Amino acid sequence: MTVSSAVQIGYRLANEVNEGNPANNCVNGHPIFYVEGQAGELPGHIYSEAGMREFRISRMCEWCFDDMCIEEDDDFDLSEGEGLLY
Ligand SMILES: [Zn+2]
């Protein structure tokens, strides 16, 4: 997926995410767009129904949300110890 195609598809749907709210940037300033998927691939990407609900509450796009969670998971993995698996 390229940035331009994602934006073209997603901007049409961004109004659904925003429900008429003219502010269509996430808290970190990413113009948001909606394209179904498994993970946030680009800044501003929202890819699930849960992500749309979350955006309405927190104004955080799923790309930012995933980025935050991945960092937390990394910390968790370090404290939990990879030695358990290897
Ligand atoms: Zn964002």
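In which element is the place of Glu-62?

Modeller: Glu-62 has its place in helix 3, which spans residues 62–80. Residues are numbered from 1 along each chain as its sequence is written. This is a predicted model, in which local features need a pLDDT of at least 70 and side-chain atom pairs count only at pLDDT 80 or more, whereas totals for chains, interfaces and linings use all residues.

Some context is needed before turning to the residue itself. The protein has three helices and two strands, arranged α-β-β-α-α from the N terminus on. Here helices (H or I, at least four residues) and strands (E, at least two) are DSSP runs, numbered from the N terminus. The average pLDDT (the predictor's confidence in each residue, from 0 to 100) is 73, and 53% of the residues score at least 70. Confidence is lowest in helix 1 (residues 3–18), with a mean of 57, and highest in strand 2, at 90.

Glu-62 is buried because 25 other C-beta atoms lie within 10 Å. A residue is called buried if 20 or more other C-beta atoms lie within 10 Å of its own, exposed if 12 or fewer, and partly exposed in between, with C-beta atoms placed from the backbone. Of the 86 residues of the protein, 19% count as buried.

Leaving out residues up to four places away in sequence, Glu-62 touches Gly-40, His-45, Ile-46, Tyr-47 and Gly-51; a contact requires C-beta atoms, placed from the backbone, within 7 Å. The C-alpha atoms of Glu-62 and Leu-42 are separated by 9.2 Å, the two residues being 20 apart along the chain.

His-45 counts as buried because it has 25 C-beta neighbours inside 10 Å. Beyond its neighbours within four places in sequence, His-45 is in contact with Phe-33, Val-35, Gly-40, Cys-61, Glu-62 and Trp-63. Its C-alpha atom is 7.0 Å from that of Val-35, ten residues away in sequence.

Trp-63, also found in helix 3, brings its C-alpha atom to 5.5 Å from that of His-45, although 18 residues separate them along the chain. Trp-63 counts as buried, since it has 22 C-beta neighbours inside 10 Å. Apart from its neighbours within four places in sequence, its contacts are His-30, Gly-40, Leu-42, Pro-43, Gly-44 and His-45.

Trp-63 also belongs to the largest nonpolar core, whose ten residues are Cys-26, Ile-32, Phe-33, Tyr-34, Ile-46, Tyr-47, Phe-55, Cys-61, Trp-63 and Cys-64. Strand 1 (33–34) and helix 3 each supply at least two residues of this core. A nonpolar core is a set of buried Ala, Val, Leu, Ile, Met, Phe, Trp, Tyr and Cys residues joined through C-beta atoms within 7 Å. In soluble globular proteins, nonpolar side chains tend to be buried together.

Two loop residues complete the account. Arg-59 lies in the loop between helix 2 (49–58) and helix 3, and has a positive phi of about 60° although it is not a glycine. Arg-59 counts as partly exposed because it has 16 C-beta neighbours inside 10 Å.

Terms used
Contact = placed C-beta atoms within 7 Å.
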